[in-house]
Amino acid sequence: MADKQVIAVIFGGRSVEHDVSVLSGLQFLEALDPGRFEGLPIYVDPLGQWWTGAALKKRSRYPLEGSETKDLSQVMLDLAAPATGRPQLIAFQKGLMGEKRVSLPFDLMVPAIHGSNGEDGTLQGMLDFAGIPYAGCRTLGSAATMNKVFTKAVARTHGIKVLPEVTFKRPPKGKFLDADTVAPALKAMEGMDFPYIVKPANLGSSVGVGKADDMDGLIAALMTAFRLDSDVIVEPFVSNLTEYNIAVRRGADGTTLTSAIERPKRDAELLDFKNKYLAGGEPGGPKLDTGPSEGMASLNRVLNPDELTDAQESFIRGSASKIFDELALAGSVRVDFLCNSETGALWFNEVNTIPGSFAYFLWEAAKEPVSFLKLTSAMVDEGFRLSANRLGQTDAGSSGATIFRRG
Amino acid sequence: MADKGSSMEKRWHKQTVGTDGKAPFVWLHGWGQTGASMARLADLFKADGQHTLYDLPGFGETAPLQEGAGTEDYADALAAEMKASGLGPAVIVGHSFGGRMAVQMAARHPDLVRAIIIIGGAGLKRRRSLAFRLRAFWLKLVGRMARLSDKLFGTHFREAYTQKFGSADYRNAGVLRGTFVRAVNENLTAAAKAGRAPALLIYGSEDTETPPEIGRRYEQLIPIARFELVPGFGHLDILTRGAYQCEALMRTFLEDLKNA
């Protein structure tokens with residue numbers, strides 16, 4: 001049998017979405033085709049150290065506490081591996097003769113880190129630099145969609161309906177925002193008055209999102225959001241808010257495919273982190289080794305909601321495909337929409353290039369169902385293809401840009 | 001979705017998923033479970049077959065068979081139910097206790113079996129350490145003494161013994177206790193050798209109920225068999241978070257079956 005390709009899945013990370021990322025990473029590993037691939041878990045702990053080891057595949061191991069690393073090896077990514085060789089991780093093992101350098105080769109990396117330092121193009125840029133094949137969005141698409149203001153500007157340019165917004169910068173140390181500086185800026189809201197919703201410009205996952213009913217509330221919500229991000233956006237609050245999400249990916253033949261549409265259910269008025277990810281489970285409770293049906297997919301959501309009209313559905317599918325194409329996205333990307341359920345008005349909201357659980361449950365519920373097993377294979381194949389296409393021939397001789405004499 | 005088996009004396013409760021007219025699959029769950037425990041995996045094949053997920057007799061909503069029924073009785077009853085429902089020859093997927101039934105089906109009702117897929121299947125005696133065997137010998141002796149004492153002197157030692165030393169499955173078996181005792185003591189070596197249907201054997205490396213060693217031995221016994229070890233999964237989570245690993249292995253097997 002031919003050697004299996006080693007697929008390194010990197011998860012965890014120094015992001016507020018650390019725990020969700022662990023779940024997504026493990027689910028991806030569990031859905032890799034055992035006939036073609038061998039999964040290699042890479043866990044980035046909250047301190048930023050990288051670990052690998054079979055024990056990382058057990059959900060019961062998390063959260064990893066300081067002393068529980070005996071059966072794991074700490075690894076570094078080799079950024080200077082020759083372009084002709086396999087990418088590798090480097091570990092150091094203590095032996096009788098001192099430390100021994102061990103290399104762990106792999107073939108492709110799958111970023112499963114949500115939020116900053118993973119979904120925002122920085123990891124992708126590093127992998128491109130090192131010539132390491134990876135799955136999912138490239139640097140440009142990842143970086144562009146991490147910034148909500150930029151994404152909305154692109155959407156506007158391409159005629160996709162979005163809400164107006166105002167961006168605030170974090171005030172310098174020792175200064176505070178007051179009503180006199182905030183009020184004039186709100187004129188850009190196209191006449192839409194309080195309540196407003198306040199979000200960090202660069203984070204996904206609803207962390208730091210707050211609602212403001214008046215000026216005092218707005219300033220308080222801004223200060224909360226500034227703890228997480230230097231740029232914060234304020235948008236009109238959509239009354240009777242319903243959210244719709246859809247996943248998009250590119251088929252092997254180059255066509256843009258859309259998944260089932262989901263409507264996340266919720267009790268609280270506002271979708272905050274706990275509602276989005278922890279419904280049905282206590283935060284901090286033990287995470288058991290249960291199935292992929294647990295976690296993201298088993299949360300309260302309605303798949304293929306029947307209240308959508310044909311026009312609404314085609315707006316969602318059309319806008320999602322358009323933004324995917326315009327930003328040259330890849331992998332399994334989730335596009336989120338806001339809806340006023342009373343009036344039926346819909347707005348494009350944001351793009352998650354590494355959605356929780358890679359949105360596999362949206363693909364499994366699609367008109368032509370795609371199992372997570374097929375999705376992981378498709379993402380890996382696409383990753384190899386995109387990474388191979390990126391550079392092509394790059395040695396100096398091929399472009400005639402030689403200064404020093406060769407051979 | 002759920003409907004009752006008709007025309008049968010013992011009605012089998014079942015769930016059906018998938019596409020009518022496609023290849024029939026019959027799913028048999030493990031001890032203490034119901035047909036629903038197979039649903040996650042069966043769902044992944046809904047475009048590929050017509051699936052019947054049974055509650056086995058004595059579990060879920062299906063009434064038990066006669067007291068002390070063995071796996072061969074379960075297989076015969078299933079064969080009657082399949083014939084009545086017009087199912088077969090089918091791919092029979094059995095988990096744990098359902099795996100025993102799959103082996104029996106292949107041996108006793110080959111006309112109804114296209115292939116068998118066993119996930120963490122039981123049915124062969126486990127190799128135990130000397131310490132384990134000594135402990136088991138002593139405990140059995142104590143159990144017999146307790147029963148004897150109950151009979152002679154009207155004491156209630158046996159129940160106390162069961163509560164203290166009986167396994168959870170044994171304690172909870174209720175009317176199925178006779179079936180349970182027969183099943184754990186049975187040896188399906190002869191049945192495994194007799195079956196002619198191709199078999200796929202999927203075992204989790206961390207499975208302590210039905211360790212991979214059992215699967216490897218089945219592979220030796222069943223004439224056409226493929227053993228697959230799935231690293232990192234146990235007896236139950238192989239059906240949930242391990243569903244995609246099973247899906248991949250099953251797809252390859254079913255593809256090879258088509259080409260065979």
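A: Let's start in chain A, where strand S12 (residues 241-250) and strand S15 (residues 333-340) pair in the antiparallel sense over eight bridges. Helices (H or I, at least four residues) and strands (E, at least two) are DSSP runs numbered from the N terminus, and two strands pair if DSSP finds at least two bridges between them. One bridge joins A:Tyr244 to A:Phe337 in S15(A). This is a predicted model, so local features need pLDDT of at least 70 and side-chain atom pairs pLDDT 80 or more, while totals for chains, interfaces and linings use all residues. Residues count from 1 along each chain as written, chains are lettered from A and ligands numbered from 1 in written order, and side-chain values use heavy atoms, leaving out hydrogens and water.

The S12-S15 pair belongs to an open, antiparallel sheet of five strands, ordered S14-S13-S12-S15-S16 in chain A. Strands S14 (301-303) and S16 (346-352) of chain A stand at the edges with a single partner strand each, so one side of each has no neighbour in the sheet. Ignoring direction, neighbouring strands here are turned by 30° against each other on average.

Now for the four-stranded sheet. It's open and antiparallel too, and its order is S8-S11-S9-S10 in chain A. Here the edges are strand S8 (166-169) and strand S10 (210-212) of chain A; each has a single partner strand, so one side of each is left without a neighbour in the sheet.

A:Tyr196 sits opposite A:Pro236 of S11(A). Packed on the sheet is helix H4 (residues 148-157) of chain A, which touches S8, S9 and S11 (contact means heavy atoms within 4.5 Å) and makes about 50° with the direction of S11(A). Such angles run from 0 to 180 degrees between N-to-C directions of lines fitted to C-alpha atoms, for helices over the stretch in contact. Helix H6 (residues 215-226) of chain A lies across S8, S9, S10 and S11, running at about 15° to S9(A).

A:Val166 and A:Phe168 make up the covered face of S8(A), while A:Thr167 and A:Lys169 make up the uncovered one.

Zooming out, chain A has 10 helices and 16 strands. Buried residues (under 20% relative accessible area; exposed is over 50%, partly exposed in between, with a 1.4 Å probe and protein chains only) make up 51% of its 407 residues. Of the contacts in chain A with a separation of 6 or more, 66% are between residues 24 or more positions apart.

H2 (residues 122-130) of chain A has A:Leu123, A:Gln124, A:Leu127, A:Asp128 and A:Ala130 as its buried residues. A:Gly131 follows H2(A), and its phi is positive, near 70°.
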